[in-house]
Amino acid sequence: MGRVYDELEPVDVSGDQFQQPLPLGPEGLRHGILQNGMQYYVRQCAKPKGRCALALAVRVGSVVEEENERGIAHIVEHLAFNATESYSNHDIVRLLERIGAEFGACQNAYTSADETVYTLSVPTGDKEGLLDETLGVMAEMAFKIRCDPGDLAKERGAVLEEWRMSRDAGGRLQEAHWQLIFQGSQYADRLPIGTEAVIRRGPATTVRAFYERWYRPGNMALVAVGDFNDPDTVVELIRRHLGSGASRSTEPAPPLPRFDYVPHTEPRYKVLVDRETQHPVVYVSYKHPRMRISTPEDFLEHLTLSVFESALNNRLYKISRLQSPPFASASVSEEPLCATTGSCVLSATAMDAGGVLTALESLLTEVARVRLYGIGPAEFARALSELKSEVENTALEADQGYCSEIRDEYVRHFLYNEFVTGQEYEARLSKALLPRITREAVEGCAARYRPAESCVVKVVDHVRSCSEDQLKKVLERVAAAESSGSIGPWEEPPAPESLMEQLPAPLEPETAIVKERYFPAPLDVTELTLSNGMRVAYKSTTFMRDEIHVTGFAVGGLSEVPQELFYTASLAGTLAGHLGMYGFRPDVLGDILAGRRVCLETTEGAYYRTLRGAQSPVDLESAMQLVHLLFTTKVRLVPEEVETAVKLLRQAIEAQLRNPLHSYHQRVRYINYGGCYYFKQITLEDVDRADPSLALAHHNFSWHNPGEFTLVLTGNVDRELLEPLLCRYLATLPASGLQPPKLPKDVTPLPYTFPETPVVEDVKVSMVSPVAQSQITFPVSLSRPVVREELMWLSLACRALETRLMQRMRFVGGDVYTVSVSSFFGCVAPSLEGDPRGDVAIMFSCDPANKDRLVAMALEEVALMQSGGMSAEEVETLINLEWLQYEESQAENSFWHDLIVAGYQSKSYQLLGGDLGAVYAKNMEAREKVLGCCTPDTLREAFCRLFPSPPTSRYTAISMIPRPPGLLRRIGTVLAARWMGTTAIFGGGDAGPGVALPAAAGLPPPAAPTVTAAGLASGGSGSGGGGGSVMCGTSGTTAAAAAVAVAVAAVGTGLLLWARSGARRGG
């Protein structure tokens, strides 16, 4: 552990102080209660510079709703941005955009079962009056929301689209979990999204009554954390705007109801079948009253539990690395469920659909093993070192927290009485309590995981691979094994104590470093060339004391591989990572690095091989050792290990086929990139044809020549500490007899083309919940001589178009929840001499009935932009937002790091003779030039220049729509519904709500990535959410009904149930 931890002065927690409430802090915090009963928290925070994070927290969520109000709390949240006494028609949104406050879907407010929270981030400093104005807006939200029928009608559409977006498999599974785990509680039927009926038809009088009944000053707090000069002045502004606010209702404020934790001694079991489930997962939840941390004693309990989780997770990971593992992955965690209830959760992803019971038994057996034999000294030491590492990180960055993060801490203090003392005090408190964490106390945490502790067992799978009775028998079998002592002790596998048994002999600095170059401020980068040809560039900053970003890259990637070997090469990173690319299996490497803040991951894209991660300065030597090991390790083929890796890969590919978005995304890529092989999704047949030996040979060859690589470090870099590491670990990498590095001009470009004529196509997908997703794509070509300026114009154009589409599609029409506009130039090869070609995509989801109209609207909006559709005020807002975000990003290590890496990889770097400073200067010059001349006319010209004109002359519009069910499926669904007493819901069309069977339980598993060959090589790419799900369950039904379900499935139909989801709704 580093020097910082050793120098921490522990807090005195002796005697009675151990059980006394922790102080609310740190010093300088202003906390109090206004004359109307509202609380406030005000604290200075200089990060980021010139910004203030605000929050209005209301202790009111969906759990207080009556049956006819289900969803009203969330609707009120939406109305706050639409209609108040002083603002109409989303004037608040326009005001926030004008003053530079960030605004977006799910970004400025959320509603949960227990609270509604509104958040804003506004400029301070030279922006006088903006904080005052924004606090006035929050006062309107607190006490002056209009709930008129016209206002409500305008917002119903956006809320309905948010509800529609939550109709996917994950959303339905979340509701099923919620209903099962809260069975017998008011929470069970109070998901924040509410019901479709209330969203569509809930009267304004009901909304107004809810708002006036619950939005009372005593239920609220205003939090302001930011870069302002005088916190007392901010307190006075809060007092002036909110101190006299009150509900319009003259009735006395009702007490907030409390729905306490409801325990049960008998476990609950549920198997949920959902054909779109990505992976078979089992969850075991053990409910308990929500943990409150307000005293040192409470905090010690929390720290002890975190050590237990760390130790057990480490053990579960090792089990997942066995040659024939019982599960693909497993974990233990603490999960807060609501204001009164928490849970300890065990979860495991099965190796295949038939492996759920095996995974469950292994999971429960490990917890029982801890109860019987405890955890080993090495396990305890590793878990404790991880906690100490976190404490040191907290101490190092005690005064470097972001205002939004600190604001959220005070929000949780108000809502849940979570302690907030300040990071320095918390680190000192942690150091005082760490010696009190004993192995016996950690092992005692396993007692929380017993069947009698309000246990809920849930299985989520795409087929019915087990029954509830089988789950019960697994619990009984493990309990019997524990009672009889037939479970043996854990055998801890040996692990080396260090990454290297013998360190390389360092070269002298004058031998190791053959060239040095400095690029002056504001870039302030030093570039060192080592004797083996590797370049190392570093930028020292003071933004974060405990952070160094590291990226290493080399020219040449998968585009150089012959197409017949493309899929084999694409598997290289996956297989090498599974076997151990740093010379150790991943589980062994984890043990060696326990307590160290080190992260390095390799990827291979079309044109570059990349090594990337973030490190602590204290552990930079470990990071350099990993780089050395990466280049000197020859990964060997181990057939048994490869077999497991391939099995997991096949499972991932099969899982993506169950995702409704699979065929849609595949079709979008095929059309927009001319069928380019690089973007095709890898298939099971491709995996079967791949050669693991050649894949590992490709990996070894890709990471053996240091002369090809440039390593960039950004953050708290000390030259005196860095140079010896370079001389020992990087300069000593062998380079003799290696081929010279590939030059950017010699890179093989990808063979991609965009259609020459318009393509409009619907991809019909089988789904339950009818939702459409559309992507409208335009080709973009940038003139090489002015490419820097054109990229800036394109960025402004995308932002302007997205703002306009949000205004029309969401705020005016209520047809979407959100819409995005983004550009992509990832196919442009560094060898390209002509104009770079990319694309701009507009994406949104909507009601299938509105899809064609909204696609036409998007095309029309581009045409309007080309004819001069923006006002001077809109352009001024656009520029203001650009400047504010740029200023904020300049205090981020990640901004400068990415800028430096991009500079090295740019075409400008080649054209300017490798002068990184000149590249930066040219880019900044172009940026300021564009922002300085941006007017409605010049922006219109940019739209005409960058987009096809007219936009309908060349574009693609690919939409995913529901596939109408066939006749047999319709008949089967109706018959099954009649036999089982349910409501038949068909995929496609406007289906109404109809939950007729008891909801099955199960938390949604993590969304599986779309597996492409390129994604395998570069870490995978997210597929996004989408589609609906089919839930089948026979729990509580008769045997005859179950037989009908089997018969219906035999003719290709299913039992289609509609459910609601969303434990937390963002507005």
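Phe566, Tyr567, Tyr673, Tyr677, Tyr678, Phe679 and Phe824 form one aromatic cluster.

Strand S15 (residues 548-555) and strand S17 (residues 608-615) run antiparallel and are joined by 8 bridges. Both belong to an open sheet of 7 strands with mixed pairing, ordered S12-S13-S14-S18-S15-S17-S16. At its edges are strand S12 (513-519) and strand S16 (601-604), each of which pairs on one side only. From one strand to the next, the twist averages 15 degrees. In general, strands of a sheet pair through backbone hydrogen bonds, in either a parallel or an antiparallel manner.

A helix accompanies this sheet. Helix H21, formed by residues 620-632, lies across S15, S16, S17 and strand S18 (709-715). Relative to S18, helix H21 runs at about 165 degrees.

Aromatic pairs provide a further view of the side chains. The structure holds 28 of them. Trp178 and Phe182 form an edge-to-face pair, with 4.8 Å centre to centre and 65 degrees between the planes. Both Trp178 and Phe182 are buried. Tyr211 and Tyr215 form a tilted pair, also with 4.8 Å centre to centre, but with 45 degrees between the planes. Tyr211 counts as buried because its relative accessibility is 2%, and Tyr215 counts as buried because its relative accessibility is 1%. The cut-off for a buried residue is under 20% relative accessible area.

Confidence remains to be considered. The chain averages a pLDDT of 88, and 89% of the residues score at least 70. Over residues 973-1012, however, pLDDT stays under 50, and the model has 129 contacts beyond four places in sequence for this stretch. Residues 1014-1066 also have a pLDDT below 50, with 176 contacts in the model beyond near neighbours in sequence. Where pLDDT is low, the predicted coordinates should not be read in detail.

Notes:
Residues numbered from 1 in each chain as written. Predicted model: local features only at pLDDT ≥ 70, side-chain atom pairs only at ≥ 80, totals over all residues. Heavy atoms only, no water. Pairing = 2+ DSSP bridges. Helix = DSSP H or I, 4+ residues; strand = E, 2+ residues; numbered from the N terminus. Axes fitted to C-alpha atoms, helices over the stretch in contact; angles between N-to-C directions. Contact = heavy atoms within 4.5 Å. pLDDT = per-residue confidence, 0-100. Phe/Tyr/Trp six-rings, centres within 6.5 Å; stacked < 30°, edge-to-face > 60°. Buried < 20%, exposed > 50% of the residue type's maximum accessible area, 1.4 Å probe, protein only.
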